[in-house]
Amino acid sequence: MVVDAHRRVIAIDGPAGAGKSTIAKALSARLHMKYLDTGAMYRAVTFEAMLHELDLSDQDVVTKLAQECDLHVGIDRVIINGHDATAAIRGPEVTGNVSKVAANSGVRTEMRIRQQEWASAHGGGVIEGRDIATVVFPNAVLKVFLTASPAVRAQRRVDQDGGDVAQIAAAIAERDLLDSTRADSPLASSSDSVVVDTSDRAIDDVVDEIEQLFVERSK
């Protein structure tokens, strides 16, 4: 990873439902920077493993798939091994299993390499996930940890995908626990991240704040 690419990375971390994707996409458009959803990468590997009925607990087998797959994650399209997984990776089956794959150290190592290569190829970018500031880009020019109240996060998911608020809230709580307690690259706020609570704020307001921080850090 070259230093120049690090200097142009805005690393956005945070739990499910905090507004990462919405805010990161809006920020990338505002700043004319490329955008990468790293969570979609783990979801795509999960989708492909399930498609081939692999045992998700078999770390070696799933790691091999991650290392060998042809994966393309765009702003509105996810293709893995020729399969358009854009819609499927957001479905309940993948959502219910992605934490198992994301906890696989071999998969994380491979995805981390690909994420760093992506940043080098694009000269930086707005990159969102759950370990971007702490592990993947520790030297990013700006690190932001987005959060929101559990009730708001659950309601956002229901507004987006439908479902029962209580059930979604329980699923989010379980995902938070798995992500924050996994041995490899747990979800956590970096000591030098700017923590932004999006619970009662408009998207443009949050984007304005992050844009200003980026401008100041880039000087």
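The legends below describe close-up views of one predicted model. Residues are numbered from 1 along each chain as its sequence is written, and side-chain values use heavy atoms, with hydrogens and water left out. In this predicted model, local features need pLDDT of at least 70 and side-chain atom pairs count only at pLDDT 80 or more, while totals for chains, interfaces and linings use all residues.

**View 1. The open sheet of five strands has the order β2-β6-β1-β7-β8, with parallel pairing.** Strands (E, at least two residues) and helices (H or I, at least four residues) are DSSP runs, numbered from the N terminus. Two strands pair if DSSP finds at least two bridges between them. Strands of a sheet pair through backbone hydrogen bonds, either parallel or antiparallel. β2 (35-37) and β8 (194-197) stand at the edges with a single partner strand each, so one side of each is left without a neighbour in the sheet. From one strand to the next, the twist averages 20 degrees.

**View 2. Strand β6 (residues 125-129) lies between β2 and β1 in the strand order.** Five of the five residues of β6 are buried, so this strand is largely enclosed by the rest of the structure. Buried means under 20% relative accessible area, exposed means over 50%, and partly exposed lies in between (1.4 Å probe, protein chains only). Both faces of β6 are covered: one side carries Gly125, Ile127 and Gly129, and the other carries Val126 and Glu128. β1 and β6 run parallel and are joined by five bridges, with valine 9 opposite glycine 125. β2 and β6 pair in the parallel sense over three bridges, and here aspartate 37 stands opposite glutamate 128.

**View 3. Helix α10 (residues 203-218) packs on the sheet, touching β1 (9-13), β7 and β8.** Contact means heavy atoms within 4.5 Å. The direction of α10 makes about 160 degrees with that of β7. Axes are lines fitted to C-alpha atoms, for helices over the stretch in contact, and angles run from 0 to 180 degrees between N-to-C directions. Strand β7 (residues 142-147) pairs with β8 in the parallel sense over four bridges, and threonine 147 stands opposite aspartate 197 in β8. The covered face of β8 holds Val194 and Val196, whereas the uncovered face holds Val195 and Asp197.

**View 4. Helix α2 (residues 20-31) and α10 pack at an angle of about 55 degrees, with their axes 10 Å apart.** The two helices α2 and α10 are therefore oblique to each other. Angles under 35 degrees count as roughly parallel, over 145 as roughly antiparallel, 65 to 115 as roughly perpendicular and the rest as oblique. Their crossing is right-handed; a crossing is right-handed if the near helix is turned clockwise from the far one by less than a right angle, and left-handed if anticlockwise. Residues of α2 in this contact include Ile23, Ala26 and Leu27, and those of α10 include Val206, Ile210 and Phe214. By class, the contact has nine nonpolar residues, one polar and four charged. Ala, Val, Leu, Ile, Met, Phe, Trp, Tyr, Cys and Pro count as nonpolar, Asp, Glu, Lys and Arg as charged, and the others, Gly among them, as polar.

**View 5. α4 and helix α6 (residues 105-122) pack at an angle of about 15 degrees, with their axes 8 Å apart.** α4 and α6 are therefore roughly parallel to each other, and α4 passes α6 in a right-handed crossing. Among the residues that meet are Val62 and Ala66 in α4, and Val107 and Met111 in α6. The contact of α4 with α6 has four nonpolar, five polar and three charged residues.

**View 6. The open sheet of three strands has the order β3-β4-β5, with antiparallel pairing.** The edge strands β3 (71-73) and β5 (83-84) each pair on one side only. β3 and strand β4 (residues 78-80) run antiparallel and are joined by three bridges; histidine 72 has isoleucine 79 in β4 as its bridge partner. α3 lies across β3, β4 and β5, running at about 45 degrees to β4.

**View 7. Histidine 32 is found in the loop between α2 and β2.** Phi of histidine 32 is near 55 degrees, a positive value in a residue other than glycine. At 73% relative accessibility, histidine 32 counts as exposed.
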